[in-house]
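Trainee: I have a chain open on my screen and would like to learn how to read it. Could you walk me through it?

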Amino acid sequence: MSGVLAGLVVLLTLAVVVLGWYAAARAKSSGREPGQPDHVTDEMVSGVMAELRKWQAEAAHWKATAERLQRELDGRQ
């Protein structure tokens, strides 16, 4: 019987912890709807866009390099 009681105590403890996390998350996100920007959104978007521009510039550089090398190879033939 003590094993059943210990199992119930563990189960209730886990339930209380999960409900506590849920309540804390709900309180932290009060007033916000999914999809609405928060205080971090602008910083994240500007950082991602800067990285995208870097990748695009690098891709353009390597494409131009490949085209130049292909022209050099075609000129030798």
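Mentor: Happy to. A nonpolar surface patch of about 480 Å² is formed by Met 1, Val 4, Leu 8 and Leu 11. Please keep in mind that this is a predicted model, where local features need pLDDT of at least 70, side-chain atom pairs count only at pLDDT 80 or more, and totals for chains, interfaces and linings use all residues. Residues are numbered from 1 along each chain as its sequence is written, and side-chain values use heavy atoms, leaving out hydrogens and water.

Trainee: What are patches made of?

Mentor: Patches are made of residues with over 30% relative accessible area and no salt bridge; like charges are joined within 9 Å, and nonpolar side chains (Val, Leu, Ile, Met, Phe, Trp, Tyr) within 5 Å. The areas come from the Shrake-Rupley method with a 1.4 Å probe, and for residues only the protein chains shown count as cover.

Trainee: Is Val 4 buried or exposed?

Mentor: Buried means under 20% relative accessible area, exposed over 50%, and partly exposed in between (1.4 Å probe, protein chains only). Val 4 has 51%, so it counts as exposed. Val 4 lies in helix 1 (residues 2-28). Of the 77 residues of the chain, 1% count as buried.

Trainee: How many helices and strands does the chain have?

Mentor: Helices (H or I, at least four residues) and strands (E, at least two) are DSSP runs, numbered from the N terminus. Here there are two helices and zero strands.

Trainee: What is the radius of gyration of the chain?

Mentor: This radius is taken over C-alpha atoms, and the globule rule is 2.2 Å times the number of residues to the power 0.38. The chain has 29 Å, whereas a compact globule of 77 residues would have a value near 11 Å. The C-alpha trace spans about 90 × 35 × 15 Å along its principal axes.

Methods
A salt bridge is a side-chain nitrogen of Lys or Arg within 4 Å of a carboxyl oxygen of Asp or Glu.
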